[in-house]
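Here is a walk through one protein structure, taken a region at a time. Please keep the sequence and the 3D view at hand while reading.

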Amino acid sequence: HLDYNSIGDEAGKAIAAALPSSHLTQLNLGSNSIGVAVQAIAAALPSSHLTHLHLDYNSIGDEAGKAIAAALPSSHLTHLGLQHNWIGDEGGKAIAAALPSSHLTHLHLDYNSIGDEAGKAIAAALPSSQLTHLDLYSNSIGDEGGKAI
């Protein structure tokens, strides 16, 4: 666990570069100001051994959310923590689209900015996904998204 340190983007990129040659299966980089480095971490996921990745409290936003989503189908991740990251509908929909071809069983998206559009996309992906645990509390999901889920 490297959460709650002062790891920034440069160190985050160095960690990403080391992932393919590492035997790590779990990595927690929560609360480290590594918003930009998340793109490099996402790119390294398919060649890493990671099964658990926690990137909460890094304010990564939609673009990094989409990068992680693109890597999900070819990664080994089963647990993904993205709480408190300002991920909105755009990032949420990208993650939803990747769910059916991913190995994720646990997905934590609480305290983001996910609204009805992404909520409905996640709901549509659930039957063909492997998810057994989904956290979406404290988002912007209204009646439409709630009904779909």
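The model is predicted. Gly-119 sits in helix H5, which spans residues 116-125. Its relative accessibility is 0%, and because buried means under 20%, Gly-119 counts as buried. Between Gly-119 and Ser-140 there are 9.0 Å in space, C-alpha to C-alpha, while the two are 21 residues apart in sequence.

The next stop is a pair of rings. The structure holds 1 aromatic pair. Its members are Tyr-111 and Tyr-137, with ring centres 5.4 Å apart and planes at 85°, so the pair is edge-to-face. Distant parts of the chain are linked by this pair, 26 residues apart: Tyr-111 lies in the loop between strand S4 (106-108) and H5, and Tyr-137 in the loop between strand S5 (133-135) and helix H6 (143-148). Tyr-111 has a relative accessible area of 38% and is partly exposed. Tyr-137, at 45% relative accessibility, is also counted as partly exposed.

The last stop is helix H2, residues 37-44, where Ala-37, Val-38, Ile-41, Ala-42 and Ala-44 are buried. Viewed down the axis of H2, these buried residues fall within an arc of 165°, so they line one face of the helix. As background, residues three or four places apart in an α-helix point the same way, because there are 3.6 residues a turn. What do the buried residues of H2 pack against? Their partners are helix H1 (9-18), strand S2 (52-54) and helix H3 (61-71).

Methods: Residues numbered from 1 in each chain as written. Predicted model: local features only at pLDDT ≥ 70, side-chain atom pairs only at ≥ 80, totals over all residues. Heavy atoms only, no water. Buried < 20%, exposed > 50% of the residue type's maximum accessible area, 1.4 Å probe, protein only. Helix = DSSP H or I, 4+ residues; strand = E, 2+ residues; numbered from the N terminus. Arc of directions from axis to C-beta. Contact = heavy atoms within 4.5 Å. Phe/Tyr/Trp six-rings, centres within 6.5 Å; stacked < 30°, edge-to-face > 60°.
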